[in-house]
Amino acid sequence: MTTQQEGLLTLTEMRTGQAGTVVEILGGHGFVRRLETLGIRPGKKVTKVSSTLFHGPVTLKVDKAQVALGFGMARKILVEVDKYLPRGS
Amino acid sequence: MMRILLVGNPNVGKSALFSRLTGIRVTISNYPGTTVEFTRGHIKLGEEQAELIDVPGSYTLEPSSRAEEVAVEMLKEGDLVINVVDATNLERNLNLTLQLLERRIPVIVALNMWDDTRHRGIDIDLARLEDLLGVPVVPTVGITGQGVSDLVRRLPEAKVPESHRAYANSDERWARVGDIVSQVQTLSHRHHTWTEVLEDASSHRVGGVVIALLVLAATFWFVRLGGEAIIDYVAEPLFEWLWTPLLMRLSVALGPESFWHGALVGKLIEGQIDYFQSFGMLSTGLFIPLAAVAPFIISFYLALGFLEDAGYLPRLAVLMDTLLHRLGLHGYAIIPTILGLGCNVPAVMATRILESRKERFIAATLISIGVPCAVLQAMIIGLVGQYGMVYVAIIYGSLFASWVVIGLLLNRLVKGFTPELLIEIPPYRLPSLRVILEKLWLRLSGVVKHALPIILATVLVVNILYNFGLFDALASIAAPVLTGLWGLPKETVVAIIIGFLRKDAAMGMLAPLALTAKQMVISSTVLAMFFPCVATFVVLARELGVRDVLKAVGVMIVAVLIMGSLQNLIL
């Protein structure tokens, strides 16, 4: 299994099950701080756990914890996605 | 008295630990000037008593919510901090720990959820962690009580670390956290446990909805059966055997025709007290809250406590967030709304978990209009069901539609903001029965203390007004609305007014009126949407304030006029 970079995606653009590293959080100081206290900050490895229909909240996994955040917030989180190539390809 | 603070992130098992550390005499209070609640109890340290305060869960001491502001305020008044840390989530939790260590207050760390680390493949070097933090670290399991005696024994060792340092900014602090975690924690891969499988299923798009429906159905079933069992086997027998004989003596002493007999004992039905129809302050007035409503509240709180501590509610909030945002609400508003299906009283009280005033107003108004409580639902199904279940479905559909439409409108009309969802989804855990029962007791005593006196007073006042013929006057005023707009016979007015005291009793009064199916649907819907019962009204006034309650009543009246007329036109 190899990994290569696939460029930046926002959390909302990521597919369920995709993992990556948070690169940047767009938004004001307060927003960045709030996410930080939940363990979401640049450099952290996150996995998208689920999304909901009609631009509902996105759930992601960071360390051993899961955090759900509104679509608008999720759109402000930029992630460098790991691309897992299937074995043998 | 020494004051010990229990400080930690939300969902780290703080309340379970709190219940293990304290004995009885636990109280919930509001922090002055806020709706933030905290729990206070006592702990025995050798010969001495100390006060233990369960500080509202916070992620940081640089507050971003009211609960966190309160936590910071409380920290100033504490003598010692027990920092509860979730061992399965070391990094995020240690950020708060380092912030606590920067304040000059003695700290001891309770490394909670210790039993969870093993099957999650986490290994923590305790001695090294103690060394790096410079304060004692005690592994604990709040739910079983493991490690709690060690924690108490080592409390005197709590200290301000010798190598005291403050971090210039939070990046520097996070760097230090990362450094500590890398030195003390080793991770190994483990297979999924069954709770993790369930976790994945309930955050799945489709699986989540299926599980939510199952959970709601099970909860509803439990609440109804539990409530009915308490009524049949405990509440009613107690009233029959103990209270009725006393009241009958009072009745004889007062004389059946006297004014006070009417006010206190009420009407005798065939020479007997009928708790559903006598309407005396000490008969129906006492019976309603204690024997008819409280049992449902008890079984509801049990179910809620379980769902809460099992970690299900945040998942439901995520699922419902999209819809609720259209109604000006936050996903978390689903919790009070579900509560309302049991009893509107605790539901309205629970709206205080919502952050903005706008949300609290909308949620409370919607609950009191569109969410029928368990007792009312039981009567609707029983009485209207005789005409055919399709009519029951029409009532539920109408209530749901009014809930959605009023929400959509209020979202546009009410000024204010609805914050976006940002919540931690805790792992599923098997709740501790002890904590659930303690919470039940605290919540129940809160309801009894706040609502009961006012319900009794209101029944008394209503009785006196009844004696003066006020209801007859009301009936003639309301008659044009009833007959003209809703197509209901004039006699239903008494039932609708009685509905203010108790909705299901009012439904019972509709039964002998020989209404058509259409009239039954309209009167039941009107009854459900019109004024909430007096107990709900009291807490509504307490939670929203007089001005907002008047607005809510305005919305209620307009909504019920429109809905009743629509049904009359369409059906």
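The model is predicted: local features need pLDDT of at least 70, side-chain atom pairs count only at pLDDT 80 or more, and totals for chains, interfaces and linings use all residues. Residues are numbered from 1 along each chain as its sequence is written, chains are lettered from A and ligands numbered from 1 in the order in which they are written, and side-chain values use heavy atoms, with hydrogens and water left out.

**Chain B as a whole**

Chain B has 24 helices and twelve strands; helices (H or I, at least four residues) and strands (E, at least two) are DSSP runs, numbered from the N terminus. Its radius of gyration is 27 Å, close to the 25 Å that the globule rule gives for 571 residues, so chain B is as compact as a globular protein of that length. This radius is taken over C-alpha atoms, and the globule rule is 2.2 Å times the number of residues to the power 0.38. Along the principal axes, the C-alpha atoms of chain B fill a box of roughly 80 × 55 × 40 Å.

Of the 571 residues in chain B, 56% are buried. Buried means under 20% relative accessible area, exposed over 50%, and partly exposed in between (1.4 Å probe, protein chains only). Among contacts in chain B with a separation of 6 or more, 73% come from residues 24 or more positions apart; a contact means heavy atoms within 4.5 Å. Chain B exposes about 24,700 Å², and carbon and sulfur atoms supply 64% of it. Accessible areas come from the Shrake-Rupley method with a 1.4 Å probe, and for residues only the protein chains shown count as cover.

Helix α13 (residues 334-342) of chain B is largely enclosed by the rest of the structure, because eight of its nine residues are buried. I334(B), P336(B) and L339(B) are among them.

**Salt bridges**

A salt bridge is a side-chain nitrogen of Lys or Arg within 4 Å of a carboxyl oxygen of Asp or Glu.

| Pair | N to O distance |
|---|---|
| D131(B) and R128(B) | 3.6 Å |
| E543(B) and R352(B) | 2.8 Å |
| E543(B) and R542(B) | 3.5 Å |

E543(B) is buried at 17% relative accessibility, and R352(B) is buried at 18%. R542(B) is partly exposed at 37%.

D131(B) and R128(B) are three residues apart in helix α5 (residues 126-133) of chain B, about one helical turn. An α-helix has 3.6 residues a turn, so residues three or four places apart point the same way. D131(B) is exposed at 55% relative accessibility, while R128(B) is partly exposed at 30%.

**The nonpolar patch**

A nonpolar patch on the surface, with about 730 Å² of accessible area together, is formed by eight residues listed here: L485(B), I557(B), V558(B), L561(B), I562(B), L566(B), L569(B) and I570(B). Patches are made of residues with over 30% relative accessible area and no salt bridge; like charges are joined within 9 Å, and nonpolar side chains (Val, Leu, Ile, Met, Phe, Trp, Tyr) within 5 Å. Helix α24 (residues 546-570) of chain B gives the most to the patch, with seven residues. V558(B) lies in helix α24 and is partly exposed, with a relative accessible area of 47%.
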